[in-house]
Amino acid sequence: MTASITLGVLNAVEGDRAVTQRRIAADLGIAVGLVNAYLKRCVNKGLIKVQQVPKRRYAYYLTPKGFAEKSRLTASYLLNSFDFFRQARASCEQKLGEAAANGWKSLILVGRSDMAEIALVCALHHPLRLVAVVDEGAAGQESFAYLPLVPRIGAVTEPFDGVLITDIADAQKAYDVAVAELGADRVLVPHLLAQAIARPRQSDDEV
């Protein structure tokens, strides 16, 4: 399957379970028949679950495997996008501005990546101090630019107000770990990475 269309279908289903094939086709600019084919392939691969609802309509759900595949495809797309640096900078600027507006004074970055490098530059334009970069692959007395590089959030020695997710390869895992340790209100996700993360929703408990 073409990765970009698959990603578009997975994003559409994750965003609206009641989305129609016609709506997906219009949003992606492809034929309805092609959307139908991709949905069937996603169902066969265990990425999407389908359930019939009243009035001869269908509801689509991403499976855990579907969420993982969406994150993988999103990371691949971001890394190969010509617009990555422009979008990444705008995303980081927005979230750092939000942190400053909330009265936060210090942050850590979760994820050693190009996004983290961009966040370091953007932070110079805000009244914020970055104190560390967290990456599970860190070992020994490493550093990332001018910041300490540590393997887990608990290893950060300086106090901080919140975190900014900068892990491109596995944004979902970085987000889940950060929320589990700190709570969702202390975790910021750049818009560019938000599409790779499935946040809990109240309706999930009703499925």
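Residues are classed here by relative accessible area, with buried meaning under 20%, exposed meaning over 50%, and partly exposed lying in between (1.4 Å probe, protein chains only). The structure is a predicted model, in which local features need pLDDT of at least 70 and side-chain atom pairs count only at pLDDT 80 or more, while totals for chains, interfaces and linings use all residues. Residues are numbered from 1 along each chain as its sequence is written, and side-chain values use heavy atoms, with hydrogens and water left out.

The mean pLDDT of the chain (the predictor's confidence in each residue, from 0 to 100) is 86, and 91% of the residues reach 70 or more. Over residues 201–207 the pLDDT is below 50, and this stretch has nine contacts in the model beyond near neighbours in sequence, a contact being defined by heavy atoms within 4.5 Å.

Helices (H or I, at least four residues) and strands (E, at least two) are taken as DSSP runs and numbered from the N terminus, and two strands are said to pair if DSSP finds at least two bridges between them. On this basis, six strands form an open sheet of mixed pairing, in the order 5-6-4-3-7-8. The edges are strand 5 (143–144) and strand 8 (187–188), each of which pairs on one side only. Within the sheet, strand 3 (residues 106–110) and strand 4 (residues 129–134) pair in the parallel sense over five bridges, and S106 stands opposite R129 of strand 4.

R129 also takes part in one of the six salt bridges that the structure holds, a salt bridge being a side-chain nitrogen of Lys or Arg within 4 Å of a carboxyl oxygen of Asp or Glu. The partner of R129 is E158, with the closest N and O atoms 2.8 Å apart. This pair links distant parts of the chain, since R129 belongs to strand 4 whereas E158 lies in the loop between strand 6 (147–150) and strand 7 (162–165), 29 residues apart. R129 is partly exposed at 42% relative accessibility, and E158 is likewise partly exposed, with a relative accessible area of 33%.

A further salt bridge joins D135 to R112, the closest N and O atoms being 3.4 Å apart. Here too distant parts of the chain are linked, with D135 in the loop between strand 4 and strand 5 and R112 in the loop between strand 3 and helix 6 (114–123), 23 residues apart. D135 is buried, at a relative accessible area of 14%, whereas R112 is partly exposed at 33%. The side chains of D27 and R23 meet in a salt bridge as well (3.1 Å, N to O); these two residues are four apart in helix 2 (residues 21–28) and are therefore separated by about one helical turn. D27 is exposed, with a relative accessible area of 53%.

Among the buried positions, L182 in helix 7 (residues 171–182) has a relative accessible area of 17%. L182 touches I153, F160 and V163, not counting residues up to four places away in sequence, and the C-alpha atom of L182 is separated by 8.0 Å from that of G162, 20 residues apart along the chain.
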